[in-house]
Amino acid sequence: MSMLNLTINGRAVAVEPGKTVLDACRSAEAYVPTLCDSPGLDPYGACRLCIVKVEGLRGMPSACTTPAADGMKVTTEDAEIQDVRRWTMQLLLADHPLDCLTCAQCGACGLQAAAEYLGIRERVLRPMQRDAKVDDSNPCYAIDMRKCILCGLCVRACDEVQHLGAIDLVKRGYASAVEPFGGGPIRDSICESCGECVERCPTGALTTRRYLAPEKEISTVCPYCGTGCRILLGSRGNTVVSARGDHDAPVSRGRLCVKGRFGSFEFLSSPDRLKTPLIRTADGFREASWEEALALIASELKKYRGDAFAGLASAKVTNEDNYVFQKFVRAAMGTNNVDHCARLCHSSTVAGLALSFGSGAMTNPSDDLLEAEVILVTGSNTTENHPIIGLKIREAVERGAKLVLFDPRKIQLSEIATVWARQKPGTDVAWINGLMHVIIRDGLMNKDFIKSRTEGFDAVKKLVAWYTPERVEKITGVAAELIVEAARLYAKAERASIVYSMGITQHTTGVDNVRSLANLAMLTGQIGRPGTGVNPLRGQNNVQGSCDMGSLPDVYSGYQKVADAAARAKFEKAWGAKLPDKPGLMVTQMFPAVLEGKIKALYIMGENPVLSDADVTHVVQALEKLEFLVVQDIFLTETAKLAHVVLPASAYAERDGNYTNTERRVQLTKPVVPAPGQARRDWEILCDVSTALGYPMSYASTAAVDEEMRILTPSYAGVSYARLEAGEQLHWPCPSENHPGTPILHRETFTRGLGQFHPVEYLPAAEETDASFPVVLTTGRMLEHYHTGTMTRRSKGLDGLAPGPFVEVNGADAKKIRVKDGDSVRVTSRRGSIVLPAKVGSRVEAGVLFIPFHFWEAAANVLTNPAYDPTARIPEFKVCAVKLERAAEPVRS
Amino acid sequence: MKKPGNGSSSGKKGNTRKPKSTNGAGDSSSRLDPAIARWLVAAVAEFPASRSSTIPMLQSAQTALGYLPGDAMRAIARHLGVAPAVVEGVASFYAQFRFNAPGKHRVTVCSGTACYVRGSGKLMEDIQADLHIAPGGTTADGSISLESVSCFGACALAPVVVLDDKVLRQQTSASMKKVIQELSAGPPKGRTRSARSAPAARGARK
């Protein structure tokens, strides 16, 4: 590509074609004042401050909208230019309140900076007062239209970055304003509170509610979902005071959702943080020293070595913490009873995709979605639960990709779907088989791919012959023609990608569902290339990593099986301990085992099963029955309250280590602030506990843990701190220091060799509706909260947006029991009953309810069915039978 | 709090295809006002789904419905594949579009030079006081909308007020008070009497 040569203020610069004069000025390090320019947005030319003179061009064009051309001679500053700029500024200042000293934007204000540069000392035009309201309806940010300069950055950010268009410039002339549709409070609009507009606003018109200018900023990985966005956390002293998107981040490129931007740091300095170890006494907890707590744990745990002990690791802590945890359970406690919440979200993925492809993880990076012609999304409310990946789907659709959506709820993606099918919850195998039936019937399968890359196709072909679109319609409620259209769109696309999440996995047929999707991808050859693949979106920021590290009962790190003698011998040698050969119990087996008296002591690191597991009444019974329970956490969670000893751990911003995101991308983080009080890193605590138990563990640093892990884990062998620090983007498998990593799996061959087709018959959900429990309940998350709310509910912004529980009820069902929006209803299953307000609307169909599981006041998991998948042992969170009644009693708050 | 249950009935930009749903239960279009629904069927057939249809569709909606209800703008946004805020942004730029249902009767006061000299400024103030609305507004009972026009072109009859399609000549605050009383009271019982026969409305048609 030949470069364009320009002269800026007499200095020669070369820029790539497609760049603007403004870009060229910046390359020449010539300052040009701007107000409406922002990285990643199209040039707009609204503020007229970036005017320059270009030899041969008439007047003063705006630098941001003038394409750079070869040979241009540009002047960025002379008396005439400055004079025009000054008058432009004076016009902006005429109705701008000059309350700079007390304005939230002071010091970071673009208007202030431009005025200063232009040497403006006073307002020369007659001051005008703009008659505009302050909209403080949104608890995360405030809108003060009096300070708006109508640069349009917020409107463009909402459109071009967030792909939403919640706001626009309305009216004209002096009445112009930025408003949501209908002009009401922003909170009642479709705004997703991502804060992209707030971050880009040059003035005090849009300001975050809780903001202090940071002293320094450090990039870290967001503590919430598995997308792997990076946040620049700003700190003052030992307190994190600000968060913004990191524009150098490979996955998020500066974008963040409401949780990342407004809810990622308040909880760190919450007064509720655990700061010292706590020991249970007859009347509550008392503070204790580390020595005392460790001594007590050691003396107690000594009694439970072997299979009477179990450990729950965490998908919220680093790879190093997880590695040390499973080593502690296996080597120090002599049992394989180690598992974590991945059991409850994607264990069916890990099991299912491992059987079909040989590797149980997302096959392609999330940016690949932008290359797909067709995206099939099912069981994933992506825009709420993985918002930044949701943005990529919206962007892809804007660029022309077609979205095929199978989801029983009217989620935001349904607005942009080409085909939206509302299957009955729990009928996924049926519609997937239906799609395959149509593809085979119409001859749309990829015969070459099936022949050269897979095995077992004939059995699937035979099985799906029964699943005609008409039969599938009877089972799933999805119209036959939608099945046909979806199948054709997916199969005919040059590149089609499958995206799924817990709507697929959290079923008693979870593994079946996953294997069906794998069959579909293999049938059409939509795998192993950019823009294709089978892409499970993992829920927690390090759930991929904690699985990779072996926090699972049947595998060591890198999915090396405990039952494999060679693997076991390798770990026994490295760890210097005899290791058990029998796979341990999974989460969903542990609590029943406690009730049966087989497990007597439990060590929980950073999990809250009292809210997160199915049928929590039984979980609480089990935890209360334990002879000894240790909980290591950052807060005194509902689970920690039941512990005998509680240990204070450091939170994500207070430790270093690696996180592996949903794309298998390993990202290194550094501490931003020190941990409060005596809180310590999880792996350090575990080393001390283990040492006290007579199995000494000690590491000089987190990096040293990583070094040991890499020697033992082939898929991570090449992922060194040095490479990550140098900015390399590494996706495992990365078997050596000079291996570039593997962003796309299964390119030439599947990890297991040939892809394994597996015929899957449709089976109904474990609990079907009947006369006593006639309604289907499905559960999930919402945009503003994360899991059991331990972190998000401590954010005033997030809590303000979504303060309490609710159940989504279809208008028809509400009418039947004479309930209006906001009225209390009672939802009862065979396992329990909760009372909460109804949210009446059309988001769910008649006969279906949805409850988010974040809220302890009305815990959805009191109701859910612990029946689990026979292979992955994942409970059926997504389907259970309930009844809905009008509640006389008010909702607890 | 934000309403996950029904807060997302917006159209989305960039995609001109409407989603096909298994069933229409709860789809916002099924709850549309019948007049809007009727207009929409014809409009969707008439206008191509591209941004350049924005203004023609807005004009078509206003002609059919008398103003631009929120649901009509939402429907336009959905058809064009843009966000509703974008449609409203365009519509609100132009003085020709109205966003509230017009009253049953329209009272337009001329504020042109001749009328103003003959006292239309005071006349307008008094009418506003009588109706308790500003120009551009509609009375709470929906009976009268008040507007002003810069010159009606009937300067010889100044000050001029136009009531619906009828020109009222040489109005005074007192004569307008009567007109307004009649309009607000509606036709007296037992007799149908049009506003046209109001005493102050003796002026000839233009």
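In this predicted model, 18 residues of domain 3 of chain A are in contact with 22 residues of domain 5 of chain A. These two domains belong to an assignment that divides chain A into domain 1 (4–77), domain 2 (102–208), domain 3 (293–345 + 542–716), domain 4 (347–536) and domain 5 (775–886). Taken over C-alpha atoms, the centres of domain 3 of chain A and domain 5 of chain A are 30 Å apart.

Salt bridges are found elsewhere, and a search of the whole structure gives 57 of them over all chains. One of them joins the side chains of Glu192(A) and Arg394(A), with 2.4 Å from N to O. Because Glu192(A) lies in the loop between β8 (177–180) and α5 (196–200) of chain A, while Arg394(A) belongs to helix α12 (residues 387–398) of chain A, the pair ties together parts that are 202 residues apart in sequence. Both partners are buried: Glu192(A) has a relative accessible area of 13%, and Arg394(A) has 2% relative accessibility.

A second salt bridge, between Asp367(A) and Arg253(A), has its closest N and O atoms 3.1 Å apart. This pair, too, links distant parts of the chain, since Asp367(A) sits in the loop between α10 (347–356) and β17 (374–378) of chain A and Arg253(A) in the loop between β12 (239–245) and α6 (258–262) of chain A, 114 residues apart. Here Asp367(A) is partly exposed at a relative accessible area of 27%, and Arg253(A) is likewise partly exposed at 34%.

In another salt bridge, the side chains of Lys303(A) and Glu300(A) meet at 3.1 Å, N to O; Lys303(A) counts as exposed at 54% relative accessibility, whereas Glu300(A) is buried, with a relative accessible area of 18%. Finally, Glu196(A), Glu199(A), Arg200(A) and Arg261(A) are joined into one network by salt bridges that share partners.

Key. Residues numbered from 1 in each chain as written. Chains lettered and ligands numbered in written order. Predicted model: local features only at pLDDT ≥ 70, side-chain atom pairs only at ≥ 80, totals over all residues. Heavy atoms only, no water. Domains from an automatic or database assignment. Contact = heavy atoms within 4.5 Å. Salt bridge = Lys/Arg side-chain N within 4 Å of Asp/Glu carboxyl O. Helix = DSSP H or I, 4+ residues; strand = E, 2+ residues; numbered from the N terminus. Buried < 20%, exposed > 50% of the residue type's maximum accessible area, 1.4 Å probe, protein only.
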